[in-house]
Amino acid sequence: MTPQEIAESALTGPGDRIAIVDETSTAHLRWAGNAVTGNGVVHSRTLTVIESVPGAGIGVVSREGALDRDAVRAAVAEARATARRAAPPPDAHPLPTAAERDWSRPPAGTSSAALAGVVGQLVEVFDQARARGESASGYAEHQLRTTYLASSSGLRLRHAQPDGVLDLTVHRADDTASGWVGTDLADPAQADLLAGYTGIAARLDPSRHHVDLSPGRYEVILAPSCVADLMIHLHGAADLQESLAGGTVFSGPDGGTRLGERLTEAHLTLASDPAAPGLGCLPFTVVRAPGPGASCFDNGTPLRRTEWISDGTLANLVTTRHAARTTGLPFTPRIGNLVLSGPATDRTLDELVASTDHGLLVTSLWYLREVDPSRLLLTGVTRDGVHVVKGGEVVGTAHDFRFDECPVDLLARVTEVGRPEPTLPREWGDREYRTAMPALRIEDFTLSAVSGAV
Amino acid sequence: MGERVRDAAAGCARRPRSSPTGSRTTATARLLAEAALDGARRLGARHASFRLDRVRTGQLVLFDGSVHTAHDSAVTGLSVQVWHDGVWGFAASGEVTARSARDTAGRAVDQARFCSALGREEEPVPEPVHDGTWSSGFRINPFSVPEAERAELLAAWSARLLAAPGVEHVRAKVVAVQEDKFFADLAGTSTVQRRVRVHPQVVVAGGSTTLRTVGPPTGRGWEYLLGEGWDWDAELAALPGLLRAKQHARPVVPGTYDLVIDPSQLWLTIHESVGHATELDRVLGHEASYAGTSFVRPGDVGGLRYGTPLMTVTADRTTPHGLATVAYDDQGVAAQSWDLVRDGVLVGSQYDRRTARVAGATRSVGCAFAESALRPAITRMPNVSLAPAPGGPTTEELISAVDDGIYLVGSDSWSIDARRGNFQFTAQQAHRVHRGELAGQLSGVAYQSDTRAFWGALSAIGGAGTYQVFGADLCGKGQPVQTAAVSHGCPTAVFQGVRVRNTAGS
């Protein structure tokens with residue numbers, strides 16, 4: 001069966017129903033210690049059935065893998081049975097109106113051939129790393145997911161989303177320093193592992209010695225990957241209903257929200273746009289299961305550019321159609337990319353370093369966890385690259401450190417904004433969002449403890 | 001490195017008379033395996049394995065007694081892993097047919113050829129041939145319980161809590177998982193296994209405070225929610241009072257404290273600082289770019305002092321109802337148990353057939369696991385547990401010996417650096433201990449330490465009466481990332497002079 005036939009089969013028979021078929025193909029390659037350690041190609045197909053029973057609730061069943069007509073019928077029956085037992089959801093709404101987009105087109109696919117260029121570059125990276133006594137590790141993945149969204153109300157939408165990850169970590173032989181670089185690999189032809197390796201190798205120059213740091217407050221330049229991870233956490237907390245309930249950093253003191261409040265003087269804008277150049281993502285809403293800020297009844301909604309923070313002011317929170325209607329606020333669903341930008345500037349990360357008198361350059365963040373959700377207080381560690389900057393130059397490397405910070409508070413302490421560039425959030429790199437972020441200069445960044453890692 | 005391994009597969013392998021997945025299904029799986037393995041052999045693979053899995057997950061969430069989310073998902077697929085001319089290749093497909101099995105074998109060999117310019121690996125260590133069928137220890141399959149009945153139980157729990165003073169909202173959920181796995185390889189091993197696990201969880205909210213049950217995920221069936229293996233009635237009864245006490249908690253004064261850590265909190269510290277730190281693939285740097293490495297070095301086994309002599313940590317895939325308990329791993333290796341830390345010294349590690357030689361072993365300890373057939377098997381943690389002290393004290397006795405400390409119950413946030421060194425943990429409940437007595441709850445408590453310093457501060461350990469088993473069912477690792485479930489047993493334990501921060505900043 002084709003994906004379209006599976007969707008149509010799921011919609012056969014009476015009832016209000018949404019069928020989502022995701023056809024996914026993935027090729028991956030993993031390496032460590034200058035040798036390949038894993039690889040694979042995976043083809044799979046997932047059907048999600050969302051049944052809505054008027055006067056009752058909704059039932060959601062998803063089946064990945066073997067999908068014949070019997071399996072589809074069984075999934076529909078299970079979803080219907082669940083919906084009949086469920087309580088009416090507060091966000092109940094008629095299913096979206098008819099619309100069609102690329103429905104008849106076949107699914108897109110990928111294979112290991114997409115990573116042929118990466119293999120060729122890796123041979124060279126391994127040779128250079130061995131010659132310098134370094135150890136290179138990393139991962140490359142290319143994926144194509146084609147989503148077919150159909151409903152008993154007439155939706156027939158298709159979207160093919162290329163995606164991917166390319167990251168490289170290099171450790172010095174004596175393990176006294178390491179570096180990391182990561183990028184989105186939606187277009188494998190753009191992969192340039194050698195450039196990534198060269199950039200890391202320059203920072204691992206053996207002439208740059210280790211510097212011991214003490215816990216305290218430092219001026220820090222966060223590389224774009226760090227900013228991406230922090231903004232994803234910030235955006236994750238930006239749900240209207242949860243904020244109105246008083247549980248997020250965007251909850252207002254009087255039971256409302258902080259919408260309209262200036263969060264930073266840095267004139268930063270955080271936006272999502274399905275048509276963002278180089279960061280394209282689903283142009284319509286796909287909700288496979290209900291959750292915070294996500295209503296199954298919003299499936300198929302066309303998405304347009306939305307600013308979450310406009311020129312430093314909190315402008316929008318994530319809303320469902322239901323939340324928007326009950327509050328009178330705009331309907332602003334979640335979108336699959338995030339772009340942070342500041343006042344027009346061409347300053348690169350290296351140029352920010354060059355204008356730093358005394359500070360730290362942080363390459364990537366890791367193990368970010370919420371310590372206090374109501375304040376969005378995160379704890380986390382730096383990873384693979386804390387560099388000491390003096391007089392505009394990187395003069396040494398330091399151990400990683402633990403920090404406790406709130407991304408919203410950090411925005412208020414931004415003193416300089418670089419040029420946004422596509423980046424891979426290291427912790428959220430498994431494609432929660434595609435991101436373009438600037439490097440940020442932040443004052444009084446708190447190191448709460450020094451870690452033994454480098 | 002001479003790690004001592006106890007082969008205890010017989011201890012856990014409860015072999016039912018018939019296949020847990022049905023004889024017809026198993027016969028189909030064998031035909032698919034034959035197609036795949038024959039294809040791999042013809043293409044020159046020296047080692048090849050075939051897996052056919054179905055992993056079903058049911059999640060039911062109630063908010064204030066009403067069903068909020070009911071989601072049932074299943075992942076079915078087949079995969080082939082080959083070792084061809086010294087290179088591994090993996091391919092998987094969601095299409096479960098003989099043709100797909102053959103094609104997938106061909107693609108796995110293609111993958112090995114594709115990567116041949118990037119280095120070769122040693123041959124995997126051998127394993128005796130097994131032909132086994134096994135089912136985990138559950139009585140009532142949760143998927144056999146009508147969803148309405150499942151919802152009724154959670155609704156009753158919610159109603160009971162909502163009636164209590166101070167409780168404004170209740171979120172109750174249960175996640176149930178059934179794993180059916182078939183494995184076969186060119187050596188002749190063929191195994192069929194079914195595992196079931198459940199994880200109920202209730203969160204109560206009042207004022208600006210929340211409190212979560214500590215009852216763990218477990219390798220049991222629906223009987224667990226009815227009180228078999230955990231006293232839910234007692235925990236739900238205590239929850240409102242603990243919530244009210246937490247609402248009135250006093251901010252902790254930052255400093256160093258003696259920590260009395262309950263098993264419901266300590267299991268996660270064991271998981272992060274011992275479990276992951278002793279995975280050999282991390283030690284070798286295989287996770288350097290993602291999940292992280294370890295402060296443990298390849299030559300440390302047998303000599304590294306990990307903690308005080310009170311510390312003995314075991315690894316096993318055999319504990320009844322353990323989340324990592326199996327009869328055979330995903331490379332066809334029989335389940336075993338062994339020591340990781342004995343009397344405070346590192347004596348073992350975790351490895352699979354690919355990495356065993358590096359450990360100086362001639363046989364794998366059976367740590368290979370894949371979340372489904374659509375993922376390659378990688379080294380994953382077995383059940384890792386801290387042994388109690390023979391004839392050791394009760395929790396009350398441990399608390400009574402502390403002059404100025406904190407008693408921590410239930411896990412909350414956690415974070416550890418990429419070498420499993422510096423960490424920070426918080427708890428569901430933090431009780432002040434003053435002159436041997438509990439003296440009210442504290443807020444903002446986060447303890448921060450380094451793995452070896454922390455275990456080097458272990459000063460007292462509870463007896464068998466304090467020992468309880470907890471665990472994680474969403475532990476992520478690998479690229480592509482995959483999750484695993486693992487149990488950790490431990491007694492109550494005391495750690496002297498641990499740094500405590502106040503996350504509220506006061």
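1. Confidence of the model. pLDDT is the predictor's confidence in each residue, on a scale from 0 to 100. The structure under review is a predicted model, and chain B averages a pLDDT of 94, with 95% of the residues scoring at least 70. For the complex, the predictor gives an ipTM of 0.94 and a pTM of 0.95.

2. Over residues 1-17 of chain B, pLDDT stays under 50. Where pLDDT is low, predicted coordinates should not be read in detail.

3. Overall dimensions of chain A. The secondary structure of chain A comprises nine helices and 21 strands. Its C-alpha trace spans about 75 × 55 × 35 Å along the principal axes.

4. Overall dimensions of chain B. Nine helices and 24 strands are found in chain B. Chain B has a radius of gyration of 24 Å, close to the 23 Å that the globule rule gives for 506 residues, so this chain is as compact as a globular protein of that length. Taken along the principal axes, the C-alpha atoms of chain B fill a box of roughly 70 × 55 × 40 Å.

5. The interface between the chains. Contacts link 67 residues of chain A with 58 residues of chain B. On the side of chain A that touches chain B, the largest share comes from strand 2 (residues 35-52) of chain A, with eleven residues. By class, that side of chain A holds 25 nonpolar, 26 polar and 16 charged residues.

6. Strand 3 (residues 58-64) of chain A pairs with strand 3 (residues 66-84) of chain B in the parallel sense, over five bridges. Within this pairing, A:Glu64 has B:Val75 as its bridge partner in strand 3 of chain B.

7. A:Asn34 is located in the loop between strand 1 (16-32) and strand 2 of chain A. Although A:Asn34 is not a glycine, its phi is positive, at about 65°.

8. Helix packing in chain A. Helix 3 (residues 116-131) and helix 4 (residues 193-203) of chain A pack with their axes 9 Å apart, at an angle of about 25°. Because angles under 35 degrees count as roughly parallel, helix 3 of chain A is described as roughly parallel to helix 4 of chain A. Helix 3 of chain A contributes A:Val118, A:Gln121, A:Leu122, A:Glu124, A:Val125 and A:Gln128 to the contact, and helix 4 of chain A contributes A:Leu193, A:Leu194 and A:Tyr197. The contact of these two helices of chain A has six nonpolar, two polar and one charged residues.

9. A six-stranded sheet in chain A. An open sheet of chain A contains six strands in the order 12-11-10-13-20-19, and the pairing is mixed. Strand 12 (313-314) and strand 19 (421-423) of chain A are the edge strands, each pairing on one side only. Strand 19 of chain A runs antiparallel to strand 20 (residues 434-437) of chain A and is joined to strand 20 by three bridges. Here A:Glu421 has A:Met437 of strand 20 of chain A as its bridge partner.

10. A hairpin in chain B. Strand 22 (residues 468-477) and strand 23 (residues 482-490) of chain B pair in the antiparallel sense over eight bridges. These two strands of chain B form a hairpin with four residues between them. B:Lys477 stands opposite B:Gln482 of strand 23 of chain B.

11. Backbone geometry of the hairpin turn. B:Gly478 in the turn has a positive phi of about 85°. B:Pro480 also has its place in the loop between strand 22 and strand 23 of chain B, and the peptide bond from B:Gln479 to B:Pro480 is cis, with omega near 0°.

Conventions. Residues numbered from 1 in each chain as written. Chains lettered and ligands numbered in written order. Predicted model: local features only at pLDDT ≥ 70, side-chain atom pairs only at ≥ 80, totals over all residues. Pairing = 2+ DSSP bridges. Contact = placed C-beta atoms within 7 Å. Nonpolar A, V, L, I, M, F, W, Y, C, P; charged D, E, K, R; others polar. Axes fitted to C-alpha atoms, helices over the stretch in contact; angles between N-to-C directions. Parallel < 35°, antiparallel > 145°, perpendicular 65-115°, else oblique. Rg over C-alpha atoms; globule rule 2.2 N^0.38 Å.
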